[in-house]
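Subject: Structure for you to look through

Dear colleague,

Please find the structure below, followed by my notes on what was found in it.

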Amino acid sequence: DRGKDRGGDAGGPDLKISYVYSNDLYVYSCISDTWIEHSAPSAEDSTLWPEPRAYHTATISPDGKIMYVFGGRGNVYRRDLWSLDLESLTWTLLCPGKDGQGPSPRFGHSCVYHRDALYVFGGYDDFGMDSDEMWQYNVRSREWVLVEPSPVSPMGPARKYHFAVTHQGSMYILGGKDAGGRGDEAFEFRFGSRIWSRHKLGHQLREGMCHVQLQDRVIVFVGSPDSCIVLHLPSCKTSVLPVNNAPPHMFGAATILNQSRSIVFFGGDLSRDCFLSMPLSEAEPFSAPDTFSSDIVNMVRDPTFADLAFTCDALGDNWVFAHWAILHKRCHQLYVTIRTAQEELAGGKGLALHLGEGTNVGADGLACTALQDCRWGRPGGYSGAASITSVVVQGVTATALRFLFTFIYGSDSPVEDPDVALNLLPWASTLALPSLVDLCGLCLARTVTCENVALFYRSAKSYRIRGLVQACQEYLVDNLANVSEDVRNELPAPLLKSLRKTAWERQVADRL
């Protein structure tokens, strides 16, 4: 059996289970729908090829040219690190794992690539324990370092058969199995602050599952009958993605999605379900079919049944459409303001909506006045009801305005741009949309820098976003020396005094 390891038998005298491990390399092209097999070499050339294994990891470099394979289980537990050139398909042994270098032998762990380094987490180690260790391998210096969590952070989960992805400076540990059984939580590790946090998942993710990541979406192959689970980052919300002719659950294989739109699988436990073919659409990979929810969200782009049309200076003649009935249910504050102004200003060509102070501003902080600018009128190309009301929203960017209405209409997409989040916050607060305030706060918490920390902290206090306050304080404790004097002067003196004390106490604790 060239290229195979038989790991022995398990079970009692009446039950024999033979474990067979592979080190053959298969490349499947989703475009040409063809397999290419690259078999392991003969025994005399075995030093040029990894030994048979399963439950290892395969991690691709950002340029899509190198795949890294670490650890796994074959006839023994493994700790060696290999790289595969995806153009020439040649292997290189980077670290044999001898002389105590790097993690102990393990399988069922996870590995991600972040800023010229591999991060290996968890797994089942050679002591028979579920590991909670995080190891970093610098691909430039070729050195291993054990990554300790921040002193203020809880320990990471002890977990095996999970998988991990990265998004916006965080590593997410998903699925897997711990001492209590299968995991139904996601654990987030911030590379910068080295802090762990926990997220509850809406679906149960089994251990040993395959996945691919497409920007802020993670497609998890769970096999029939559930097909695929879509995980949305950074919110960690989940949904089901139905797929025709879904493959069976693939246990213990390693997968990557490379730049040529091919999924590469290596190894796997041949005694379990092992494959697999899921074609990728050229136009929009893994796009879910339209649902009732997405139809509702898309109504903001469709004038057919609209009662209202919103725009701003940046949008020009590009309008966002809305409906009285939906605003009445989903954003009653906005509904009342515009409906009242429409009745009081009958005969006007349109309305102007803004936040502010003055005689025209209501108790809710909104002002809606008659629109005097004749260049604003009915939306171009509109063919709906004659009674449509045009509203020009002042003091909001085009991106923020579109996001506001897609949120009102049911979208759960995260806010990605901190400038959009800052623009949305006063509107979300005034319109009594606490969930949108939380989304903006989450975006800002993930993008704190030395330049914006004072601005974000003031916003957090103004809108009572507790998580953002904590994120700013934690960032300042770790980076206070790098914050400019001008930014420090924008922060409250008692806060700076407290932060300096906390930073000093941590330094003392680190020395001890």
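Gly-123 lies in the loop between strand S11 and strand S12, the latter covering residues 124-125, where helices (H or I, at least four residues) and strands (E, at least two) are DSSP runs, numbered from the N terminus. At a relative accessibility of 0%, Gly-123 counts as buried, a word that here means under 20% relative accessible area, with exposed meaning over 50% and partly exposed in between (1.4 Å probe, protein chains only). Gly-123 and Gly-71 are 52 residues apart along the chain, and their C-alpha atoms are separated by 9.8 Å. Asp-125, which has its place in strand S12, is also buried, with a relative accessible area of 9%, and its C-alpha atom is separated by 9.4 Å from that of Arg-78, 47 residues apart along the chain.

Before going further, please keep in mind that this is a predicted model, in which local features need pLDDT of at least 70 and side-chain atom pairs count only at pLDDT 80 or more, while totals for chains, interfaces and linings use all residues. Residues are numbered from 1 along each chain as its sequence is written, and side-chain values use heavy atoms, with hydrogens and water left out.

Val-391 and Val-320 are 71 residues apart in sequence, and from C-alpha to C-alpha they are 9.7 Å apart in space.

Next comes the largest pocket, whose volume is about 1300 Å³. On a 1 Å grid over the protein atoms alone, a pocket is an open set of points where a 1.4 Å probe fits, with protein on both sides within 12 Å along at least five of seven lines, and lining residues have an atom within 4 Å of a point. Grid points are joined across faces, edges and corners, and a volume is the space filled by probe spheres set on the points. Of the 40 residues that line this pocket, the closest to its centre are Glu-188, Arg-190, Ala-445, Arg-446 and Ala-471. Two or more lining residues are given by each of strand S11 (117-121), strand S19 (185-190), strand S20 (195-200), helix H6 (434-445) and helix H8 (466-479), and the largest share, nine residues, comes from H8.

The buried residues of H8 include Leu-468, Val-469, Ala-471 and Cys-472.

His-199 has its place in strand S20 and counts as buried at 18% relative accessibility. Which side chain does the side chain of His-199 contact? The partner is Glu-188, in a polar contact of 2.9 Å, where a polar contact is a pair of N or O atoms within 3.5 Å; within protein, one must be able to donate a hydrogen and the other to accept it, and residues adjacent in sequence count only if both atoms are side-chain atoms.

Helix H5 (residues 418-430) has 13 residues and reaches 19 Å from its first C-alpha to its last, close to the 18 Å expected. H5 bends by about 35 degrees at Leu-424, and a proline, Pro-426, follows within four residues; the bend at a residue is the angle between axes fitted to the seven residues ending there and the seven starting there. At the N-terminal end, Asp-417 caps H5, with a side-chain oxygen 2.9 Å from the backbone nitrogen of Asp-419.

Finally, some backbone details deserve a look. Most residues other than glycine have a negative phi, and most peptide bonds are trans. Leu-89, however, has a positive phi of about 55 degrees, and this residue lies in the loop between strand S7 (77-85) and strand S8 (90-95). Tyr-161 has a positive phi near 60 degrees and is buried, with a relative accessible area of 18%. The peptide bond from Leu-233 to Pro-234 is cis, with omega near 5 degrees, and Pro-234 is found in the loop between strand S23 (227-232) and strand S24 (237-241).

With best wishes

Technical notes: The expected span of a helix is 1.5 Å times one less than its number of residues.
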